[in-house]
Amino acid sequence: MFWGLFVLLNLLLFLPDYLLNIDRAAFLTLPNSTSLKGWANWLLGRNNADVFRLSAEFGLITLILLLFKPSKWLKRLSAIGYLCLFYYHAYYAFSLKMFNQHPYFNNDFVLAKQILPVFLNESLDNAPFLLVISILALLMLSFTLWKILHKMFACLPNKALGNYHHWMHKIAGVLLLLFLLLPSGIYAFKKQYADKNKGLRWTTSLVKKSLFMPKGIDMSDDGKLQVYQEYVQKKLAQKPNIYLIAVESYGRIITQIPDVSPTYFNKMQAIETKLQNTGWHSTSAFSTSTIAGGRSWLAFTTLLTGLHINNQPQFNDLLNKETSYPHLTRYLKKQGYHTYRMKTMSNQKESTPISYALTDRFYEFDTWIKHKDLPYKGFQYEPMFGGIPDQFAMGYLQEEIVDPTQPLFLFFITMGSHGPWYPPPPVVADWRTLNQIKQNPLDSTRTDAYLKGTGQLRKRYERSIYYEMDFLTHFITQQADSNSIFILVGDHQPPNLTAGENFDTPIHVISQNKAFIAAFKTYGFEEGMRITKLKEKAAMKHEGFYSLLMRFLLQEYGEEGQTLPQYLPDGIK
C-alpha cells in the first residue's frame, strides 16, 4: 500500500504537464537503444511530457520518512512540501505551455494582482462566479491530496510489521537514495538536459530561478535614452499616414503547421497580387517578439519604445517613471500628426487596477477610441472581448472619426485573431452592413472551438489570421489614402499551439512609395507578402523596430541634410 500510494502521488505531480501537452506528448516512450547509454538517455533526458518520471524532492521526502522515525509535525511538513511541489509543477507547466517562458514569482504576482481582474472583468460576464468555483475546486483538490498523503504516512513501515518487511523497506529507501544521487550527478545536471522533460526532475533549481527575475533596463540612466531623445531634432518634410497594426497572435507557427502552411503561402501570394494590382508595394520578414502566448501590451510597448520589455514589473516601472519618454507616438505628435489608439475590448473603464490613466499619460495619444465609442449593433462574433468586427472598427474610425486635414498615426491591435479563435466575421464590401447582421451567419457555433481537438483549433487559428489579412487588404486597397504606410506585425506567437518554438512573428510593410519599401531589403526583408527564408533567423527584433522605422522615414520623407539615425537591432540594452 505504501509504495502504491508513493507511485500514485509521484505520477500526479507530472499529470498537469501531461494534460497540458496531451496533443503532442506520448503516453509512454521507449529508449531508441537498449544499451546502457540508451537507457540512461531515455530515463533522464527524454523530451516527452509523460507522467512516468520521478520527482527528486518527493523522493527525498519519502526517503527521510523511511529512514527516520517521523513525528506528527514532520509528516505535516512533508504533506505541505508535497502540495507546494504539486502546485509549482502545475504553475511551471502552465507557464511553459501558455507563454513558452520560465515562470517568475514576482512577475506573475503582479500579473495576478493587476491584470487578471481586468481581463476577467472585460472578457467574462460571470467572472466572480467562476473565481469562486475555481477557489472551491482548488480547496477540494488540496483536501483530496492531503487525505492520500495521510493514508500513505499511515502505511509507513514499522517494526510491528516484522524485521523482514521493516528491512525490506529500508533497503528500498537506500536504493531510492542511490537512484536520486548517482544518476542525477552523472546526467541530470548536464547542460544537454537543461531544457528537457527529464525523467528525474529536480524542482529546487527551477524554484530558485523563479525567485530571481532577470533585471531589465535601468530607466534611471538617462544616458541610455539619449539616442531616442535625439530623434526630436529630426524633421519630416513629408508626412505620410502611418498605420501600425498589431495582429493578435500572428506568429511564425502559421508557416510551420503542415496542414496549414501551404494554404497560408497561397493566401499571402494572392494578397500580394491584389496589392500590386492597386499600386501598393510590400516587403516582409520575421521579427522576434519579447513574449509569446499573451501579454500583448509588453510586445507593442517594445515596438513603440525600442526597449526590450518582457515582464510586468518592468512595464510598470516604465509607465510610472518615464512620463516624458521619447517613444514613437510622441515623436510623431511633435511632427504635427494626430495620433489615434483604438482598442475594442469590452467593458473598458476609465480607471482600473491596470491603470489606464497611467497608460494614457505615457502614450499621450490624441484620441483613444474604446469599445463604448463604436456604435456597433450587429452580431457578436466572439463573446469574450466585445464582439466588434475589426473591419467595422477600422471602417468607422477612418470615415467617422479621423480628421482628414492632419496626417494620422494609428496604433490598433486586432481582436478577431485573439484566442480561442471563434469563427470570424465575413469581410464585406461596405463595413456599415456589418451592423445589419443580427443572426449568426456562419455554419458553425462558438462552442465548437472548445469541443474539438487541437487540430481543429489550428484550423480556427488559420481562419482568424486569414480574416485579419483579408479585411486589412480590403481596407488598404479600398479605403486608405495612397500616401499611407501600413505596418502589419504579429504581437506574439499564439498560446496553446506552440511549445518550445521561438518567439518570431511575421511583419509586413506596405506602401505605394517603392523606394521606402526597397530600403527594408538591406536589412533582411523580402519583397512581397510571402516570407520564404523559413530556416533562417528572424531579420529583426521588436525592440529594433523603432530605430529602423525612424531611419527609413527620415531617409524617404525627412528634410534634406539630416544625419540618419543609427539602426539599433537590439534597441537600448
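Where does Trp-421 lie?

1. Trp-421 lies in the loop between β7 and α16. Helices here are DSSP runs of H or I with at least four residues, strands are E runs of at least two, and both are numbered from the N terminus. Trp-421 has a positive phi of about 65°, although it is not a glycine. At 1% relative accessibility, Trp-421 counts as buried. Buried means under 20% relative accessible area, exposed means over 50%, and partly exposed is in between (1.4 Å probe, protein chains only).

2. Basis of the note. This is a predicted model, in which local features need pLDDT of at least 70 and side-chain atom pairs count only at pLDDT 80 or more, while totals for chains, interfaces and linings use all residues. Residues are numbered from 1 along each chain as its sequence is written, and side-chain values use heavy atoms, with hydrogens and water left out.

3. Overall make-up. The protein has 19 helices and 11 strands. Of its 573 residues, 54% are buried. Among contacts with a separation of 6 or more, 80% are between residues 24 or more positions apart. Contact means heavy atoms within 4.5 Å.

4. Nonpolar cores. The largest nonpolar core has 55 residues. Leu-328, Phe-409, Ile-487, Phe-516 and Phe-545 have the most contacts inside this core. Helix α19 (residues 545–557) gives the most to this core, with 9 residues. A second, separate core has 50 residues, including Leu-275, Met-342, Phe-412 and Tyr-466. A nonpolar core is a set of buried Ala, Val, Leu, Ile, Met, Phe, Trp, Tyr and Cys residues joined through side-chain atoms within 4.5 Å.

5. Leu-328. Leaving aside neighbours within four places in sequence, Leu-328 is in contact with Leu-304, Phe-409, Phe-545, Tyr-546, Leu-549 and Met-550.

6. α1 against α3. Helix α1 (residues 2–20) and helix α3 (residues 56–67) pack at an angle of about 160°, with their axes 11 Å apart. That makes α1 roughly antiparallel to α3. Axes are lines fitted to C-alpha atoms, for helices over the stretch in contact, and angles run from 0 to 180 degrees between N-to-C directions. Angles under 35 degrees count as roughly parallel, over 145 as roughly antiparallel, 65 to 115 as roughly perpendicular, and the rest as oblique. α1 passes α3 in a right-handed crossing. A crossing is right-handed if the near helix is turned clockwise from the far one by less than a right angle, and left-handed if anticlockwise. From α1, Phe-2, Trp-3, Phe-6, Leu-9, Asn-10 and Leu-13 meet Phe-58, Gly-59, Thr-62 and Leu-66 of α3. The contact residues divide into 7 nonpolar, 3 polar and no charged. Ala, Val, Leu, Ile, Met, Phe, Trp, Tyr, Cys and Pro count as nonpolar, Asp, Glu, Lys and Arg as charged, and the others, Gly among them, as polar.

7. α1 against α4. The axes of α1 and helix α4 (residues 72–99) come within 8 Å and cross at roughly 15°. The two helices are therefore roughly parallel to each other. Their crossing is right-handed. The contact residues include Leu-9, Leu-12, Leu-13 and Phe-14 of α1, and Tyr-82, Leu-85, Phe-86 and His-89 of α4. By type, the contact has 12 nonpolar, 1 polar and 2 charged residues.

8. α11 against α12. Helix α11 (residues 296–305) and helix α12 (residues 312–321) pack at about 45°, with axes 11 Å apart. α11 and α12 are therefore oblique to each other. Their crossing is left-handed. Trp-297, Leu-298, Thr-301 and Thr-305 of α11 meet Gln-312, Phe-315 and Leu-318 of α12. This contact has 4 nonpolar, 3 polar and no charged residues.

9. Asn-107. This residue is found in helix α5 (residues 105–123). At 4% relative accessibility, Asn-107 counts as buried. Not counting residues up to four places away in sequence, Asn-107 touches Met-213, Arg-295, Asn-311, Gln-312 and Pro-313.

10. Two loop residues. Ser-249 lies in the loop between β3 (241–247) and α10 (261–277). Ser-249 has a positive phi of about 60° although it is not a glycine, and at 0% relative accessibility counts as buried. Ile-437 lies in the loop between β7 (408–413) and α16 (448–451). At 21% relative accessibility, Ile-437 counts as partly exposed. Ile-437 and Lys-377 are 60 residues apart in sequence and 8.5 Å apart in space, C-alpha to C-alpha.
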